[in-house]
Amino acid sequence: MPAPLISVVRWCCVHDQSSPLHMWWSSETVAVLPNALKELGLSVDYHQLDVLDSLSIKKLAEWIEQTYGGIDVLVNNAGVNYNLGADNSVEHAQNVVATNYYGTKNVSQALIPLMRPSAVGARIVNVSSRLGRLNGRRNRLEDKDLREKLANLETLSEELIDRMVSTFLQQVEEGTYTSGGWPQMFTDYSVSKLAVNAFTRLMAKMLSDRPDGQKIYINCYCPGWVKTAMTGWAGNISAEDGADTGVWLALLQDQAITGKFFAERREINF
Ligand SMILES: NC(=O)c1ccc[n+]([C@@H]2O[C@H](COP(=O)([O-])OP(=O)(O)OC[C@H]3O[C@@H](n4cnc5c(N)ncnc54)[C@H](OP(=O)(O)O)[C@@H]3O)[C@@H](O)[C@H]2O)c1
């Protein structure tokens with residue numbers, strides 16, 4: 001019997017019960033779901049989590065440790081977007097960056113110490129977006145020097161990512177961000193997911209020297225344009241299909257993939 005899997009997710013990993021992806025999902029599996037979703041018929045436990053609130057993150061970590069002793073899989077799914085057109089506000093930009101980037105970072109840093117040793121390695125999956133691509137043909141940072149520093153693992157650092165988002169927020173406050181060379185589409189959201197992607201690669205590097213048996217693999221993925229509240233239910237795929245690559249990444253058993261970006265179960269460029 002595989003070890004119980006304790007995952008902090010907000011989307012439910014409900015998918016084809018006959019799929020080999022179910023190999024980790026046993027009768028002992030426990031999914032820890034912030035807030036709601038009580039009707040699943042799976043072994044599900046619940047705990048409050050507000051990724052904007054450091055005390056809430058701390059309480060969740062303490063509860064997981066006391067209740068389950070550790071965690072095998074973390075899916076950072078919490079996200080917000082307020083960008084619809086060209087309009088923007090300081091409050092929205094701050095909230096998007098705080099939730100999408102700092103929320104992902106702070107939850108990861110609080111729960112990594114609880115990730116349990118295992119032969120197959122613990123997993124972190126960050127739900128991101130193609131809008132945050134570093135070198136996409138459209139919607140990328142204009143600052144070539146910053147792009148290169150973010151792309152290069154020798155120069156990528158937490159300080160560099162934090163400085164990028166704080167420079168962006170400062171320009172939003174000053175009203176100068178539109179000429180600041182930031183991604184043109186869904187700018188707040190794109191900057192926040194650019195930071196999530198960079199953080200994923202950085203964490204993969206930082207975690208890479210863990211010994212066998214204590215490995216943690218961290219990847220990010222774009223779910224596509226999904227019919228959820230975020231898109232006003234206007235996406236072109238269901239939430240289940242949007243979750244597919246995330247579930248696949250979380251449950252891959254025999255491939256030590258880390259620090260990569262995926263969509264539709266295929267690696268894509270950052
Ligand atoms: N939908 C798309 O087309 C699309 C495309 C690319 C990437 N994504 C990413 O996919 C992820 C899920 O988004 P979605 O489409 O499912 O949007 P959604 O329906 O708006 O769901 C967002 C989720 O984030 C949670 N959340 C927001 N702020 C939070 C906070 N401070 N603390 C804890 N949880 C918080 C919400 O919880 P409550 O319900 O409790 O508020 C909700 O469950 C996000 O990271 C999003 O950026 C979505």
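**Exercise 1. Find which residues come nearest to the ligand, and sort its shell by class.**

Solution. Of the 23 residues around the ligand, the nearest are Ala78, Gly79, Thr228, Ala229 and Met230. A residue counts as near a molecule if its C-beta atom, placed from the backbone, lies within 6 Å of it. Next, sort the shell: 13 residues are nonpolar, 8 polar and 2 charged. Here Ala, Val, Leu, Ile, Met, Phe, Trp, Tyr, Cys and Pro count as nonpolar, Asp, Glu, Lys and Arg as charged, and the others, Gly among them, as polar.

The model is predicted: local features need pLDDT of at least 70, side-chain atom pairs count only at pLDDT 80 or more, and totals for chains, interfaces and linings use all residues. Residues are numbered from 1 along each chain as its sequence is written.

**Exercise 2. Describe how helix 1 and helix 2 pack.**

Solution. Axes are lines fitted to C-alpha atoms over the stretch in contact, and angles run from 0 to 180 degrees between N-to-C directions. The two helices are therefore roughly parallel, a term for angles under 35 degrees. Last, list the contact (C-beta atoms, placed from the backbone, within 7 Å): Ser54, Ile57, Lys58 and Ala61 of helix 1 meet Asn106, Val107, Ala110 and Leu111 of helix 2. By class, this contact has 5 nonpolar, 2 polar and 1 charged residues.

**Exercise 3. State the confidence of the chain.**

Solution. The protein chain averages a pLDDT (the predictor's confidence in each residue, from 0 to 100) of 87, and 83% of the residues score at least 70. Over residues 1-5, pLDDT stays under 50.

Terms used
Helices (H or I, at least four residues) and strands (E, at least two) are DSSP runs, numbered from the N terminus. Angles under 35 degrees count as roughly parallel, over 145 as roughly antiparallel, 65 to 115 as roughly perpendicular and the rest as oblique. Two residues are in contact if their C-beta atoms, placed from the backbone, lie within 7 Å.
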